[in-house]
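This report is an introduction for a reader who has not seen the structure before. Please look over the sequence and the model before reading on.

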Amino acid sequence: MPESNETPKAAPRGLRNDQFSGLMLIAFALFLAWENRAYPVGTLSEPGPGYLPLMLAIFLGSMGLIVAIAGGSSPLLSAMRWLEARRAALILGLCGLAAFALERIGYRLTVIAVLIILLGLVERRRPLLVAIVSLGFAFLSYYIVGDLLLVPLPRGPWGF
Amino acid sequence: MAETLQNLLLGFSVALSPQILVYAFAGCIIGTLVGMMPGLGPLAGISLLLPATFGLNPIIAVVLLAGVYYGAMYGGSTTSILMRIPGEAASVMTCVDGYAMTQNGRAGPALAISAIGSFVAGTLGVLALMLLAPTLAAWALRFGPPEYTALLLMGFFILAYMSGGSVPKTLAMAALGLIFGMVGIDTMTGYTRFQFGVIELGDGIGIVPVAVGLFGISEILLTAGGAEPPKVQRPKLRQLVPSAEEFRLSIGPIGRGSLLGFLIGIIPGSAHIISSFVSYGIERRLSKHPERFGQGAIEGVAGPESANNAAATGAFVPMMALGIPTSPITAVMIAAVMVHGILPGPTMIQQQPELFWGFVASMYVGNVVLLILNLPMVGLFVNLLRIPYAYLYPCILCFCLLGVYAVANSVVDVWIMLAMGAIGYGLRKFGYDLAPIALGLVLAPMLELSVRQSLAMSAGDYLIFVERPIAATMLGLGLLIMLLSLKPLISKGKDWRASVGLESERS
């Protein structure tokens with residue numbers, strides 16, 4: 001029987017994780033070096049405010065290049081799973097809204113709103129428990145940090 | 001020695017009086033609560049209590065504030081272990097293996113070993129403070145900008161060595177952290193760098209928003225959206241106690257961490273933060289199974305926590321022996337003493353022996369109080385894990401929001417935390433280690449200032465780092481460690497040669 005001449009399977013083509021992340025690091029390093037042009041670099045013996053950032057940008061870019069070059073054996077970027085990304089984006093977006101609202105409607109109202117949305121709408125928990133946790137956490141944390149530890153926390157309308 | 005023991009007895013007679021004990025207890029409780037809150041670190045706690053101490057006698061004032069300081073060190077590790085939220089910069093390394101132990105159902109032993117390690121390190125630190133304060137303080141004064149530069153660089157070399165994954169990736173993250181640390185006003189020239197029109201960035205990027213975002217928020221983003229929520233843990237009583245094996249594995253790290261932390265802590269400045277990073281790197285190097293680190297190795301909790309607390313004790317050496325504040329915290333404590341007309345320094349030991357020895361004795365007492373407080377509370381803290389994750393993570397998010405906002409009452413800090421959370425999420429997806437970012441951020445301002453000061457001292461001559469013996473020794477050690485970190489890459493090269501038959505040509 002003739003021997004079967006099986007050719008080794010070629011590695012799947014496509015951008016790899018490390019290649020992508022390495023390129024991102026290089027891009028950030030270039031951005032940093034560009035922004036750094038506004039600051040005097042000085043000399044090796046008298047470094048200016050732009051010296052160390054420039055050196056770090058070069059170093060970061062170099063490491064990014066090494067990561068990208070050596071990243072040929074890392075998993076394919078297209079194979080990376082982002083199952084949690086949608087909810088992560090939702091949570092992050094909600095936190096961003098909370099940051100926006102914090103000094104406008106006050107700490108307590110912000111926290112109550114965040115907890116009601118997350119517990120009630122996202123996690124779909126029982127309304128009574130949602131109400132207890134939201135109100136309890138908001139008021140208790142404000143009492144401990146704001147009233148007992150005297151850390152000024154933002155108040156909303158009518159001083160609430 | 002007899003005189004020292006006699007003085008110590010005097011100190012204990014002061015520290016064990018009921019009034020002092022009550023204030024020590026109160027300080028420890030307040031400190032523990034403050035330490036658990038990200039953003040409210042020991043400095044915030046001490047600063048808030050300072051006005052309250054004006055009406056107290058100086059011994060009580062110092063005992064109360066020292067209790068807050070110690071307690072904050074203990075408290076910071078609790079949230080690091082249970083929720084992966086470092087209470088302050090020194091707790092960042094505890095997050096790594098501490099949280100992994102929690103995920104493995106070993107939160108109780110992690111908290112217990114953290115408390116025990118902190119107690120042992122604090123006690124050994126107090127012993128060293130008592131016996132060696134003047135000598136060590138004189139040694140610490142020999143640290144100038146070149147020595148400081150060498151120490152910080154050594155910290156980074158160790159960081160590269162302790163990398164469990166890709167060395168280029170670790171170094172890239174350290175560089176990223178250093179870059180974040182460059183944001184803000186350059187102290188030597190007054191230039192404001194990378195402000196991008198945001199006035200608050202003129203003060204730089206704080207460690208708290210970055211650490212909470214990178215570790216806490218990114219963890220929530222990764223976990224909350226997962227296909228299956230984390231299992232609720234229902235630990236039994238016997239699971240709260242460390243096993244005999246865990247105790248055995250912790251002995252060495254606690255001893256080494258205590259020594260290392262104390263020596264780093266007595267150095268002026270905030271370099272004591274690197275003690276936990278250096279301890280982690282050393283324990284990983286010494287371990288027979290370094291692959292366990294990052295997956296829940298008890299040594300990864302015992303070493304850094306011990307180093308952390310020993311460094312906190314060591315920071316008092318220059319303060320008490322020489323009256324030199326080496327960090328904002330010790331500066332506030334000196335202020336607390338000066339309000340009563342007492343100047344800490346070499347003469348204080350002779351003129352106010354009951355204050356000095358009472359303070360030393362109260363540190364022993366404070367350590368015992370914290371151990372008594374924290375060990376029984378391990379069960380209470382671990383029971384938090386019984387709460388379903390769907391309820392837990394929204395509360396943790398609000399907790400982070402509150403803590404980070406409380407740092408400087410600035411919404412910009414909250415935005416930074418969220419940005420770091422997103423960045424941390426992305427970096428973790430691509431397999432990057434986040435701890436070097438925190439280290440780089442903290443050390444960047446100190447490193448840049450010390451390098452430029454050193455060059456100013458030497459008129460631009462880099463040989464200053466080699467001519468000074470302490471600096472040269474530390475740089476040499478750091479380079480050796482760095483070369484050791486490259487050894488696996490060289491060995492891998494040899495394996496490659498063997499696999500393509502180059503080795504066989506010799507035979």
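## Where the two chains meet

How many residues of chain B are in contact with chain A? The model, which is predicted, puts 47 residues of chain B in contact with 50 residues of chain A. On the chain B side, the elements that give two or more residues are α8 (167–181), α9, α17 (389–408), α18 (411–429) and α19 (435–457). The most comes from α17(B), with 10 residues. Sorted by class, this side of chain B has 34 nonpolar, 7 polar and 6 charged residues.

For the complex, the predictor gives an ipTM of 0.90 and a pTM of 0.79.

## Chain B as a whole

Chain B has 21 helices and 2 strands. Of its 507 residues, 59% are buried. Among the contacts in chain B with a separation of 6 or more, 80% are between residues 24 or more positions apart.

The average pLDDT of chain B is 80, and 83% of the residues score at least 70. Residues 493–507 of chain B stay under 50 in pLDDT, and the model has 3 contacts beyond four places in sequence for them.

## Helix α9 of chain B

Helix α9 of chain B covers residues 207–224. At 1.5 Å a residue, its 18 residues should span 26 Å, and the end C-alpha atoms are 24 Å apart, which agrees. The helix has a kink of about 35°, centred on B:Gly213.

Is α9(B) enclosed or open to the outside? Because 16 of its 18 residues are buried, α9(B) is largely enclosed by the rest of the structure.

## Two loop residues with positive phi

Most residues other than glycine have a negative phi. B:Asn409 is not a glycine, yet has a positive phi of about 50°. B:Asn409 lies in the loop between α17 and α18 of chain B. With 12 other C-beta atoms within 10 Å, B:Asn409 is exposed.

B:Ala459 is not a glycine either, and has a positive phi of about 55°. The loop that holds B:Ala459 runs between α19 and α20 (464–467) of chain B. B:Ala459 counts as exposed, because there are 9 C-beta neighbours inside 10 Å.

## Domains of chain A

Chain A is divided into domain 1 (17–79) and domain 2 (85–159). How far apart do the C-alpha centres of domain 1 and domain 2 of chain A lie? The two centres are 39 Å apart.

Notes
Residues are numbered from 1 along each chain as its sequence is written. Chains are lettered from A and ligands numbered from 1 in the order in which they are written. This is a predicted model: local features need pLDDT of at least 70, side-chain atom pairs count only at pLDDT 80 or more; totals for chains, interfaces and linings use all residues. Helices (H or I, at least four residues) and strands (E, at least two) are DSSP runs, numbered from the N terminus. The expected span of a helix is 1.5 Å times one less than its number of residues. The bend at a residue is the angle between axes fitted to the seven residues ending there and the seven starting there. A residue is buried if 20 or more other C-beta atoms lie within 10 Å of its own, exposed if 12 or fewer, and partly exposed in between; C-beta atoms are placed from the backbone. Domain bounds come from an automatic or database domain assignment. pLDDT is the predictor's confidence in each residue, from 0 to 100. Two residues are in contact if their C-beta atoms, placed from the backbone, lie within 7 Å. Ala, Val, Leu, Ile, Met, Phe, Trp, Tyr, Cys and Pro count as nonpolar, Asp, Glu, Lys and Arg as charged, and the others, Gly among them, as polar.
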